[in-house]
Amino acid sequence: MVQAVAVSLIAGTALAIQPASAASYIPISGSGSTWSQNALDQWRKNVAANYGMTVNYTGNGSSAGRKDFINKSVDYAVSEIPFQLHPIDNSAPEVSLVPYAYMPIVAGGTSFMYNLKIAGKRVTNLRLSGEVITKIFTGVITNWNDAAIAADNPKLALPSKPIVPVIRADGSGTSAQFTLWMSKQHPTLWNAFCKKMHIATPCGLTSQYPSYGGFKAQSGSNGVAGYVSQDYGEGAITYVEYSYAIKAGFPVAKVLNKAGYYVEPTAKSVAVALLQAKINTDSKSDAYLTQILDGVYNNADPRTYPISSYSYMIVPTKVVSGATFTTQKGATLGTFAHYMLCEGQQQAEALGYSPLPMNLVLAGFEQIKRIPGANSAANTSVKNCNNPTFKAGDSPNNNQLAKSAPQPAACDKQGADQCATTTGGSTAGSGTSSGTDSTGTGTTDGATTDGATTTDPGTSGGTTTDPAGTGAGSGASNSGTSNGSDSLEAYPYALPKEQFGQQQITMLVAGILLVLVIILPPIAMNFIGRRRKTRGSTEN
């Protein structure tokens, strides 16, 4: 009986930890964006556990990812922008001999994470207009007590402290999106900076942000966020995907939109903004299905975050000689792509992103059909797509997340008032002030910085190749979380370690029972034999 129970427990445990799918998938590898990496790392972990699928990824920056795709050394790439055929930094045009398609994978807001204190207390309710942001990152505004910053923040007694803009040292889609926004919204300031940096004007977007003056250049999203989050980063500000600020436990600036409200890049504010995004529908264009964001920047809805965009997976549409991609890998890539567009989007908001709406999901399905070896019938059905932005019967232009987005608070309107609520990953700590106190610091946080610790100001992170998607940048370490999101399975810097839970207890009990099954019978037989021998001797 004991043996039967032990075998049953062991069998049950084995079933619990085996992959849910019996399908066999060829491992695939990709590289590119760190802006999207937090979502990708979680999704890679999920498909490894649920499907036994190995999806490797190196977060080396969008530019490097596109280069790897051109060199045929990866099966897919991830980037916030398409291949640059006419780069403004005089680099070689990016021409791929592997036919490709752009597939949207996740939306989000480019945030401005900062480290600023007043009288020793961390500021967590900073507000910035687009013009001020542009002046900071073009070297025009250099001190936190500048009158223009003060005008955005009437309730803060800003300190006389140098501003340290932290930019990307590597070619990145984040830099490209940010510089595209500046070139569209503040062309005079951006062109003046380009001219100062000996870049031909008028200039548009660039993946390689020009280094200037006291700017600090760091590699990867982990690198820039890690610098800002340290004690030596006080006074610093960087541009980075919202999820990195959430994990680091640091605030982000609320950005002034066209309706006159300062808004944080939450999932809902991004969803509202992207309702005005246009998509290149010319199937013969090199930029087919890429985003046109002018309407997003100028969206008059008061709920919108103006610097919102989405990221692409660059997928091959043909098997070519010399490339690592094969038709067999296409089956893996197609299934993974469907997972990202559907079930994976359920975790987007919790990870600091905004899930894709139906129109982009449908566009993504069309691209899956072009991947050699992908099972199009199974991977392009809306009925089997559990995406949180739409429900049965919705039209492609509906977005349930945007419909439920709240209006901004009255104190977020441009003017003499200012909300005291915290932003990003910052939280109100015990014994700290909230609102406008005698020091004029607004709210302060009790968040620690250990979730974003780097070994020194020059370290960089973002490289992950493990199939489980642990996802920590090579220059970052995680010794704990600081934003109350411990229930999530994935974080920007590292996934939490597995705890000793019910499954481990079951395995321990099963192991003990198995040992007893093996050990007890010989002991019992030996005991019974000795009893019989003793009884026989007594009877004689």
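Counted along the chain, the bonded cysteines of this protein pair up in the pattern 1-2, 3-4, 5-6. The model examined here is a predicted one, and its disulfides come to three.

The torsion about its S-S bond is about 90 degrees, so the disulfide of C194 and C203 is right-handed. How accessible are the two partners? C194 has a relative accessible area of 0% and is therefore buried. C203 is buried as well, with a relative accessible area of 6%.

Another bridge is formed by C342 and C385, whose sulfur atoms lie 2.1 Å apart. Here the torsion about the S-S bond is about -105 degrees, so this disulfide is left-handed. C342 sits in the loop between α12 and α13, while C385 sits in the loop between α14 (376-379) and α15 (400-403), so the bond ties together parts of the protein that are 43 residues apart in sequence.

With a relative accessible area of 5%, C419 is buried.

The loop that holds C342 lies between α12 and α13, and these two helices also meet each other. The axes of helix α12 (residues 327-341) and helix α13 (residues 358-368) come within 10 Å and cross at roughly 180 degrees. Because angles over 145 degrees count as roughly antiparallel, α12 is roughly antiparallel to α13. Which residues make the contact? From α12 come G334, A337, H338 and L341, and they meet V361, G364, F365 and I368 of α13. Sorted by class, this contact of α12 with α13 has five nonpolar residues, three polar ones and no charged ones.

The structure holds 25 aromatic pairs. In one of them, F69 and F83 are tilted, at 6.2 Å centre to centre and with 45 degrees between the planes. This pair links distant parts of the chain, 14 residues apart: F69 belongs to helix α3 (residues 62-70), and F83 to the loop between β3 (76-79) and β4 (100-114). F69 is buried, its relative accessible area being 2%, and F83 is buried too, at 6%.

Y209 and Y239 give another example: their ring centres are 5.7 Å apart and their planes stand at 35 degrees, so the pair is tilted. It also links distant parts of the chain, 30 residues apart, with Y209 in the loop between α7 (187-196) and β9 (216-218) and Y239 in strand β10 (residues 236-241). Are these tyrosines buried or exposed? Both Y209 and Y239 are buried. They also belong to a cluster linked by ring pairs, which consists of F112, F137, F178, W181, W190, F193, Y209, Y212, F215 and Y239.

Definitions and conventions:
Residues numbered from 1 in each chain as written. Predicted model: local features only at pLDDT ≥ 70, side-chain atom pairs only at ≥ 80, totals over all residues. Heavy atoms only, no water. Axes fitted to C-alpha atoms, helices over the stretch in contact; angles between N-to-C directions. Helix = DSSP H or I, 4+ residues; strand = E, 2+ residues; numbered from the N terminus. Parallel < 35°, antiparallel > 145°, perpendicular 65-115°, else oblique. Contact = heavy atoms within 4.5 Å. Nonpolar A, V, L, I, M, F, W, Y, C, P; charged D, E, K, R; others polar. Phe/Tyr/Trp six-rings, centres within 6.5 Å; stacked < 30°, edge-to-face > 60°. Buried < 20%, exposed > 50% of the residue type's maximum accessible area, 1.4 Å probe, protein only. Disulfide = S-S within 2.5 Å.
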